[in-house]
Each structure stands twice: as structure tokens, then as C-alpha cells.
Amino acid sequence: MTTCDSASPSRHSLDRLPWLFSPAVDLATFGGSAVVALLMLPIGAAFGFLHGETPGWTWVATILLIDVAHVYSTGFRVYFDGTELRRRPWLYGLTPVLAFAIGGAIYSESVTLFWSLLAYLAVFHFIRQQYGWVALYRSRERDAESVGWWIDASAIYLATLYPLIHWHAHLPRHFWWFAEGDFIRLPAILATIALPLYWTSMLAYAARSLHRGFRHGAWNPGKDIVVLTTAVCWYIGIITFNSDYAFTVTNVIIHGVPYMVLIYWYRWCRIAETSENTSESEAGNASSYPSRPTSRWRTTTGRVAMFLGVVWMLAYAEELLWDFGIWHERGWLFAWMPGGFADSAGETLAEASVWLAPALAVPQITHYVLDGFLWRRRQRASS
């Protein structure tokens with residue numbers, strides 16, 4: 001997790017490049033998460049996970065603590081921020097209500113259609129987030145070249161779309177997004193057509209990046225890392241391996257970790273920097289003011305502990321309800337509940353599954369929808 005100190009400006013030449021946070025934080029966030037994801041593949045191969053059932057610890061580390069948790073991190077950007085809530089109350093209030101209403105209506109008609117539509121909404125969100133990182137890096141660099149935008153956009157979109165087209169054209173696979181059968185089969189010819197477009201876009205991006213770097217000194221390593229790691233992880237996780245374990249670790253880590261870093265930075269580091277600048281301009285001489293008492297929540301360790309503690313507890317509570325009411329797969333994780341109570345609670349939740357599943361999907365849907373609104377202002381502010 002990033003610290004606010006690491007985002008402060010420096011005179012080092014590396015800091016003059018268009019980073020989103022800082023050189024160390026950007027490299028750790030985008031490059032580090034990809035390295036961890038890729039290193040988990042040989043570990044999985046050594047223990048036989050690549051061609052077998054994904055172990056429980058992998059589900060906890062990736063799905064529970066990263067994927068589900070990053071959904072709840074949106075709360076620190078919106079629902080735990082009174083100022084932000086008052087800024088757009090109708091958007092933030094109606095989104096979860098409509099998510100439940102529409103989701104419930106679809107679920108009551110067809111469970112299969114519900115999971116299929118939710119899967120495609122998630123896919124759209126995953127793709128757009130990767131493009132969003134590229135757009136933010138372009139904005140930081142003030143790169144307004146139209147041809148460059150087409151090259152960058154084509155590269156990041158095809159880095160995700162081609163593996164997905166290949167997936168749809170080679171169903172069934174040993175993995176799925178949410179539920180088995182949530183994707184529709186596409187003709188194999190589409191993957192054949194998309195392949196040369198994929199490699200052309202990758203080569204065009206590499207050529208432009210190297211040309212701008214060597215010819216004009218316009219390096220943008222953060223953007224390059226996002227495009228490279230997206231292409232590598234999505235290709236390996238979806239195309240190279242027909243494995244639920246490989247897909248999970250390569251897909252979830254590079255998506256959830258950077259988003260939580262962004263939320264943490266926005267909630268604490270960005271606000272702290274603004275407050276410091278305002279205080280310095282107004283105070284003139286800060287030493288004349290008495291120092292405020294130090295709170296554990298004002299330290300980096302305290303903020304990180306609170307942030308992760310909240311999103312992890314919410315994620316655990318959600319998955320407990322999913323398991324008792326819908327899936328009934330992970331009693332080993334929720335076995336702390338008394339047997340009689342657990343059985344009766346599970347039966348009660350199962351009977352109410354027609355509204356339980358849409359209700360439990362509300363945080364995800366809300367996260368997907370709001371993410372399309374939250375960072376547009378952020379991107380303009382960076383330019």
C-alpha cells in the first residue's frame with residue numbers, strides 16, 4: 001500500500017516522468033502486482049494447481065482479499081465521504097437501488113441470464129479500467145496527439161479483447177467468469193481475424209513508445225508497464241493456460257491491487273497534499289501554531305490498517321452470505337458458526353435466494369457503474 005510521503009515531488013530526473021503517484025509506487029503497483037501474479041504460476045505448477053482445483057488459500061488471497069475487497073474500497077471514495085455524497089446524491093443513492101431492482105427482476109426470470117449479464121458487465125469494467133490507466137498516463141504526459149491516442153487505445157483494448165475473443169471462440173474452458181456457461185460461444189474465425197490485429201497493435205505501440213523515448217525523450221514508463229503487464233497477464237491467464245488457477249491469479253491481482261492503491265491515494269494522500277498546501281499558504285509560518293495530537297489513524301500504518309480492515313471485513317461478510325445462501329462450497333472458511341444456527345441460517349437464506357443473490361450483487365454492480373463516473377473529473381484535473 002502506498003504512503004503519502006512517497007507521492008511528494010523530488011528533484012530526481014526519474015520523478016520528472018509522468019507518474020500517477022510516484023516512481024516507486026507506480027512501479028510497485030502496476031509492475032509489482034504483475035510480477036506477483038506471474039510468480040504464482042510456477043508455484044501453482046510445482047504444487048499441481050495449474051491443472052487441478054484452485055486451492056482455498058488462493059481463493060482467499062485473490063478473490064476475497066483483493067477482488068471482493070476492492071469493490072468495497074469504492075465506499076471510501078463515495079459512501080464514507082459526506083462531502084462527495086452531497087455532491088451527487090441522486091447518482092450515489094439511486095445506483096444501488098436500481099441495481100437491486102433491475103438485478104432482482106432479471107434473476108426472477110432467469111438465473112442464467114442474470115449471471116451472464118453480470119459477467120459481461122464485469123468484463124466491460126475490467127477492460128475500461130485498464131484503458132483508464134492508459135488515459136490517466138496520457139493526461140499526465142499531456143499527450144494530445146490523435147494518432148498516438150488511436151495507437152494507445154488500440155493496444156490496451158486489444159490486449160484485453162483478443163484473449164476474450166479467443167476464450168469465447170474456444171468454449172467450454174476449465175474456468176469461467178462468475179458461473180459456468182456465463183459466456184456465449186463465438187465462431188472460431190473471429191479469433192483468427194483478431195490475431196493479426198492484436199499483434200499489429202502491440203508492435204505499433206512498442207514502435208511509437210520507443211520512437212518517442214529515444215527521439216524526443218518522451219518516456220512514459222508507467223503507461224508502458226500497464227500495457228505490457230495487461231497484455232502478458234491476460235494472454236497467459238486466458239490463452240496459454242486452460243486453468244482456473246492461472247486465470248484467477250493473472251486476472252484479479254493486476255485489477256484489484258492498483259484500484260485499491262488509487263482509492264487510498266485519493267482518500268488520504270491527495271487530500272493531505274491539498275490540506276498541506278492550503279495550510280502553508282494561509283499560515284505563512286507553521287511553527288507559530290501548536291502541533292495537533294497524533295492519532296493512530298493519521299499514521300500510514302493506522303490508515304492502511306483501517307482501510308484494509310474495513311474492506312476485508314465487508315468482503316468476508318458478503319462471501320459468508322453468498323456461501324450460506326447460494327453456493328454452499330466453503331464451509332471450511334465459515335465453520336466457526338454454531339452448527340444448528342449455521343444450518344438454519346443457510347436454509348433461511350437459500351429460501352430467500354430469489355432476492356438474496358441480486359442484493360449481494362448490488363455492491364459489485366454499484367462499483368462497476370460508479371467507476372465510470374468517478375474518475376472522469378480526476379482525469380481532467382490531471383491534464
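## Exercises on buried charges, cavities and backbone

Both K223 and D152 are buried (under 20% relative accessible area, where exposed is over 50% and partly exposed lies in between, with a 1.4 Å probe and protein chains only). The model is a predicted one, in which local features need pLDDT of at least 70 and side-chain atom pairs count only at pLDDT 80 or more, while totals for chains, interfaces and linings use all residues. Residues are numbered from 1 along each chain as its sequence is written, and side-chain values use heavy atoms, with hydrogens and water left out.

**Exercise 1.** Trace the salt bridges of D143 to R138 and to R212.

*Solution.* 
Step 1. D143 meets R138 in a salt bridge of 3.0 Å, N to O; D143 and R138 are both buried.
Step 2. R212 meets D143 in a salt bridge of 3.9 Å, N to O.
Step 3. This pair links distant parts of the chain, with R212 in helix α8 and D143 in the loop between α6 and α7 (146–169), 69 residues apart.
Step 4. R212 is buried, as is D143.
Step 5. The count by this rule comes to 11 salt bridges.

**Exercise 2.** How many cavities of 30 Å³ or more does a search of the whole structure find, and which residues line the largest cavity?

*Solution.* 
Step 1. The search finds two. A cavity is a set of points, on a 1 Å grid over the protein atoms alone, where a 1.4 Å probe fits but cannot get out; lining residues have an atom within 4 Å of a point. Grid points are joined across faces, edges and corners, and a volume is the space filled by probe spheres set on the points.
Step 2. The largest cavity holds about 60 Å³ of space. Its lining consists of D152, Y205, R208, S209, R212, A218, W219, N220, K223 and D224.
Step 3. Helices α8 (188–216) and α9 (221–240) each give at least two residues to this lining, and α8 gives the largest share, four residues.
Step 4. By class, the lining of the largest cavity has five charged, three nonpolar and two polar residues (Ala, Val, Leu, Ile, Met, Phe, Trp, Tyr, Cys and Pro are nonpolar, Asp, Glu, Lys and Arg are charged, and the others, Gly among them, are polar).

**Exercise 3.** Describe the second largest cavity by volume, lining and residue class.

*Solution.* 
Step 1. The volume of the second largest cavity is about 30 Å³.
Step 2. The second largest cavity is lined by F30, S33, Q130, T229, T230, I254 and P258.
Step 3. At least two lining residues come from each of α1 (23–46), α9 and α10 (244–283).
Step 4. This lining has four polar, three nonpolar and no charged residues.

**Exercise 4.** Where does R142 lie, and is R142 buried or exposed?

*Solution.* 
Step 1. R142 lies in the loop between α6 and α7.
Step 2. R142 counts as exposed because its relative accessible area is 63%.
Step 3. The phi of R142 is near 60 degrees, a positive value in a residue other than glycine.
Step 4. For background, most residues other than glycine have a negative phi, and most peptide bonds are trans.

**Exercise 5.** Examine the peptide bond that joins L171 and P172.

*Solution.* 
Step 1. The bond between L171 and P172 is cis, with omega at about 0 degrees.
Step 2. P172 is in the loop between α7 and α8.

Methods. 1 Å grid on protein atoms, 1.4 Å probe; cavity = no way out; pocket = protein on both sides within 12 Å on 5 of 7 lines; lining within 4 Å. Salt bridge = Lys/Arg side-chain N within 4 Å of Asp/Glu carboxyl O.
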